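Take a moment to open the viewer, and then go through the points by topic.

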Amino acid sequence: MSKVLILSGAGISAESGISTFRDSDGLWENHAIEDVCMAGCLDTNEEATKKFYDARRVDIKAKTPNYAHKLIVELKQKYPNDISVLTQNVDDLFEKAGIADNEIVHLHGFLRELRCRGCNKIFEIGYVNQDNYAKECPSCKSKLRPNIVFFGEPAPKYEILTQELNKCELIVIIGTSGNVLDVTYFAQLTGKSILNNLEPSEAIDDSYFTKVYYAKATEAIGEIVEYVEEFLENTL
Ligand code: APR
């Protein structure tokens, strides 16, 4: 468990050209959650759901990490045991910036993976369409699905989030509206806390945060990293 928890959301990838969910023109303005991202929609709306995630997967292929991803990866590599990197994002921009698989937790799944609906085996498929990879599980022949946590489904990696929250002394929140994860509560649990979003969110009470940056992540990240380094140097 680490002293510093860095928790990101869609906003950190916005400057790399990946749409957020709830900003104007975000993904949920253009698609209905209940059609493509709700528990059960693989039973009622399988083709549209697969098509939605196929499009997301193809979309991220050419996207590149921005300065914020890169600085966070550098920080993690400088203080491997003192920093935990958790993200709600299903893209691979931290990986493209050089983070190792075991140095990041994707709380809501990962676009480059499919999961078997029968045996739960996970398959890395890169950027191809689901059906082009396989129509059924190579092991047990059940149907495959995007390895994404839909609304109303269990998110097994929240257990890691809970463990990290119990131990961390500084939490850094970047690019999340707080509609899914209650980051105001997380700030209340933690000694020190930093919030960076483009603008205030109705779902976040920023008065609970030690420092607040309403700015693009690439503009705020330099000062955030300085703060984290100073915090770690003073507590190590
Ligand atoms: N820099 C920093 N923050 C930004 C930027 C930017 N360049 N652009 C947008 N933001 C902020 C917005 O101000 C907003 O608060 O990013 C946030 C994006 O919020 P959402 O679209 O709600 O994304 P997120 O909080 O990650 O969504 C959480 O909801 O749809 C589900 O499972 C999906 O993981 C996702 C979860």
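A polar contact is a pair of N or O atoms within 3.5 Å; within protein, one must be able to donate a hydrogen and the other to accept it, and residues adjacent in sequence count only if both atoms are side-chain atoms. This is a predicted model, in which local features need pLDDT of at least 70 and side-chain atom pairs count only at pLDDT 80 or more, while totals for chains, interfaces and linings use all residues. Residues are numbered from 1 along each chain as its sequence is written, and side-chain values use heavy atoms, with hydrogens and water left out.

**Helix H6**

- A side-chain oxygen of Asn-66 comes to within 2.8 Å of the backbone nitrogen of Ala-68, at the start of H6.
- Helices (H or I, at least four residues) and strands (E, at least two) are DSSP runs, numbered from the N terminus.
- H6 covers residues 67-78, and its end C-alpha atoms are 16 Å apart, which agrees with the 16 Å that twelve residues should span at 1.5 Å a residue (the expected span is 1.5 Å times one less than the number of residues).
- Buried residues of H6 include Ala-68, Leu-71, Ile-72 and Leu-75 (buried means under 20% relative accessible area, exposed over 50%, partly exposed in between, with a 1.4 Å probe and protein chains only).
- The buried residues of H6 pack against several elements, among them strand E1 (4-8), strand E2 (83-87) and helix H11 (217-235), where contact means heavy atoms within 4.5 Å.

**Aromatic rings**

- The structure holds seven aromatic pairs (rings of Phe, Tyr and Trp, the last by its six-membered ring, pair if their centres lie within 6.5 Å; planes under 30 degrees apart count as stacked, over 60 as edge-to-face and the rest as tilted).
- Tyr-185 and Phe-186 form a tilted pair, because their ring centres are 6.5 Å apart and their planes lie at 55°.
- Tyr-185 counts as partly exposed at 44% relative accessibility, whereas Phe-186 counts as buried at 7%.
- One aromatic cluster is formed by Phe-21, Trp-28, Phe-52, Tyr-53, Phe-150 and Phe-151.

**Ligand surroundings**

- Of the 23 residues around the ligand, Phe-21, Arg-22, Trp-28, Thr-176 and Ser-177 come nearest (near means one heavy atom within 4 Å).
- A backbone N or O atom of Ala-10 lies 2.8 Å from a ligand oxygen atom.
- A polar backbone atom of Arg-22 is 2.7 Å from an oxygen atom of the ligand.
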